[in-house]
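Biologist: I am new to this structure and would like to go through it piece by piece. Could we begin by looking at the model together?

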Amino acid sequence: MSARKKSGSIPFPDEEHMTDVKLPVEEVDDDFDIPESVGAVDEEPESEPEPKPTIPEELNLLPLRDSVVYPMLIAPLSVARPSAVELIDDSVSSSNRIIGVVAQRQPQTDEPGFGEVYEYGCAVIIRTLMKAPDAVRMIVQGIVRFRIVERLQEKPYLRAKIETIEDPELDPKDMEEVEALKRSVAALFEQAVRLAPQLPDELRSLTTAVQEPNVMADLVAAHMPMSVQDKQTVLEALDLKDRLRKLLEILGREVRVLELSTKVQSEVSAELSKSQREYYLREQLKAIQRELGESDDTGEDLVEIREKIDGSGMPQEALKEVNREYDRLRRINPGSPEYTVARTYVETMVALPWSQGTVDNLELQHVREVLDADHYGLHKIKKRIVEFLAVRKVKTEGAVRQPILCFYGPPGVGKTSLGRSIARAMDRKFVRISLGGMRDEAEIRGHRRTYIGALPGQIIQGLRRAESNNPVFVLDEIDKLGMDFRGDPASALLEVLDPEQNFMFRDHYVDAPFDLSNVFFITTANRMDTIPAPLRDRMEVIELGGYTEEEKLEIAKRHLVPKQVKEHGLRPSKIAFNDDALVNVIRHYTREAGVRNLEREIASVNRRATLQFAEGRKSKLTVTRKFVQDALGAPRFLHDPVTERELRPGMAIGLAWTPVGGDVLFIEAVKFPGKGLIVTGQLGDVMKESVTAALSYIRAHSQELKIPDDAFEKNEVHVHVPEGATPKDGPSAGITMLTALTSLFTGRTIRPRLAMTGEVTLMGQVLPIGGVKEKVLAAHRAGVVELILPEENKKDYDEEVPIEIRQQLKAHFVSKASQVLRIAFSR
């Protein structure tokens, strides 16, 4: 037989049938190499069998790492530990070549004691000894099993009194059972040799060459790649039947593992063979194409991608990532799914505008003209844009921080279109994404490339579409962001909208920092309370209030009418709107803060005009009040809401802010016999508390207001705010509730066309409120001519409300509830 790896063909001197058996190399240290002198033993002529050596009662014990030696087997050992070398020197110098070998319980222990070795071992005789500079190498032969009965010493090496254990004589009654176990072991061992690639085929005949079942069991255990615990189990099994059963169990487990490993390897090999076959076929196809003079599209594409990478101007970290993926792309088979994933990533990276940007137009007069041409009014925003460009023009060194603006106001006032106008005025690219209903954080940061179908986030995709790293980027409807189990997009925007962080924005898909500091971010919102405070803090909020009637008229004449005339296929020479008709549409057919409904009504008028021209009209059409009524039907709002209501005791007019602009509230209060307070109209908790606070103030000042004391005990009060289907809340109706209840208990009616807003405390102080411009414009639209506002809101009134509206209104600014009541009931 030829020897397998780490085996020696060393003859067994005591047993003739062992002369040609291959035995494993048992190692003590990892640096063991079989010395060349071992092979010389095989060349010597076989001597006469020597008698079995006498085993002394006391033995020096050599611990082995990851090894178990069995009786009658020959094993090469390498000893490097100082204690082990001393043990060998003492044993040889005393002419005692017999030592005991025991396996360590933990191989990593350098100086094991009796507690770290097994109780059972094997007595061996040293046949060959050779000293090397780094270790002592020897060949030993197992003699007999033993058990440690008394521990004599641990230093400098282990020494113990032992009891030898001879194999018992086999009972003739057990011959058949032992033979059956032996054949089962032989069959499983043959199967293991066939399945295990590290076991040579010559070992299949091992079980047939050895007749003694005890020797065969030890041989099989020595050759099988089992754990030290399993090998020790076989060594400690003294009864032959028990030893064969345990070996059979271990072999069965190993064979099952080998069968599973072989199955897995076969599947992997089949897949590899298929991939190799495809690779060879593709290489042959390339060779055929070269012979025919046809081009290799894949190779040309890779060359083109390489040129794009070199000219992309991306930073070092991104370039490193792209080069790594490009090198991987070159090695992947084009037919593999991984090829598409890698190529998509590389193409996305080279398509990003790492260093491409537009040059800002710093002509301030040009910017003003463009902004004025596109939008009427909005002076605060236009001033802010011109100021930013002025800084850009003056500051020639270093980077200029891009503003992050939030346009906040009711729908239809031109927030989104203003962003497009700003981009046109600055000669920048324009990008817009809608955040309404977005709930997935990956929409902002992108998906990691481990996911199938992964894509960059909307920020990176928008820049790629713009092909510029400094566009005007509008994030529309930021107040309508959602949040669920997929993450919080609002939190992801914290980095995008922070100038201190966004120069290193890292998209999950790109996995490299991208500089967003050159992007002009503009967000739009209808309300601020739904935007998280940290995100709101990062933006410069600019409020866009509703339009006045005069502003709507100018917007209609300058923008809406020309746009709708063109969209309906008409020309200014065929149709004209007079101002009276437009005012009629604004006043009697729309009631809004913006101009969206106004544009729809103008479109309806144009459709009616188009119909007449389609039916044969030739002359120019002038749109008048009569034509508007024919086209739109009867007016929807004939009278002002304030005029429509008849004021009675218990009524007061308040002002409210809504996401779509301001509105007027009519507070109604009645009393009837009973006791208690009823509040209806779908009011929120804060508004209900305002009613309670107002009633408490009136009861506390009943004598001043000349209200009988028993009026509160004998009457139940019901406060109602009409339009009950609409939820209402907020503290700004406090003085309105106070006025309505005072009117109820005193029986006096408030002044006509008077509206009010402000929060009231129990002490009678009037606190400031928000949304002054929207509320004042709503009051003006509703026909109010007098206003009561908190004293601290005077600055907002003077700054935000257009002067033409202020000239038509009389505003009273108060700080105490007594002032409110005095003004409300004065004649």
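Biologist: How many residues of strand β9 (residues 404–408) are buried?

Modeller: This is a predicted model, in which local features need pLDDT of at least 70 and side-chain atom pairs count only at pLDDT 80 or more, while totals for chains, interfaces and linings use all residues. Residues are numbered from 1 along each chain as its sequence is written, and side-chain values use heavy atoms, with hydrogens and water left out. Strands (E, at least two residues) and helices (H or I, at least four) are DSSP runs numbered from the N terminus, and buried means under 20% relative accessible area, exposed over 50%, and partly exposed in between, with a 1.4 Å probe and protein chains only. Strand β9 is largely enclosed by the rest of the structure, because its buried residues number 5 of 5.

Biologist: Is Asp498 buried or exposed?

Modeller: Asp498 sits in the loop between α16 (489–496) and β12 (505–506). Leaving aside neighbours within four places in sequence, Asp498 is in contact (heavy atoms within 4.5 Å) with Ile404 and Arg538. Because the relative accessible area of Asp498 is 12%, this residue counts as buried.

Biologist: What is the relative accessibility of Val717?

Modeller: Val717 belongs to strand β21 (residues 715–720). Not counting residues up to four places away in sequence, Val717 touches Val670, Gly676, Leu677, Ile678, Leu741, Leu744 and Phe745. Val717 counts as buried because its relative accessibility is 3%.

Biologist: Which element gives the largest share of the lining of the largest pocket?

Modeller: On a 1 Å grid over the protein atoms alone, a pocket is an open set of points with protein on both sides within 12 Å along at least five of seven lines, a cavity is a set where a 1.4 Å probe fits but cannot get out, and lining residues have an atom within 4 Å of a point. Grid points are joined across faces, edges and corners, and a volume is the space filled by probe spheres set on the points. The largest pocket has a volume of about 1000 Å³ and 43 lining residues, of which Ala656, Trp657, Thr658, Pro659 and Gly661 lie nearest its centre. The largest share of this lining, 5 residues, comes from β19.

Biologist: Which element gives the most to the lining of the second largest pocket?

Modeller: The second largest pocket holds about 700 Å³ of space. Its lining has 25 residues, with His375, Gly414, Ser417, Lys563 and Glu599 nearest the centre. With 6 residues, the most is given by α13.

Biologist: How many charged residues are in the lining of the largest cavity?

Modeller: The structure holds 2 cavities of 30 Å³ or more, and the largest contains about 50 Å³ of space. Ala, Val, Leu, Ile, Met, Phe, Trp, Tyr, Cys and Pro count as nonpolar, Asp, Glu, Lys and Arg as charged, and the others, Gly among them, as polar. The lining of the largest cavity divides into 9 nonpolar and 3 polar residues, and the number of charged ones is no charged.
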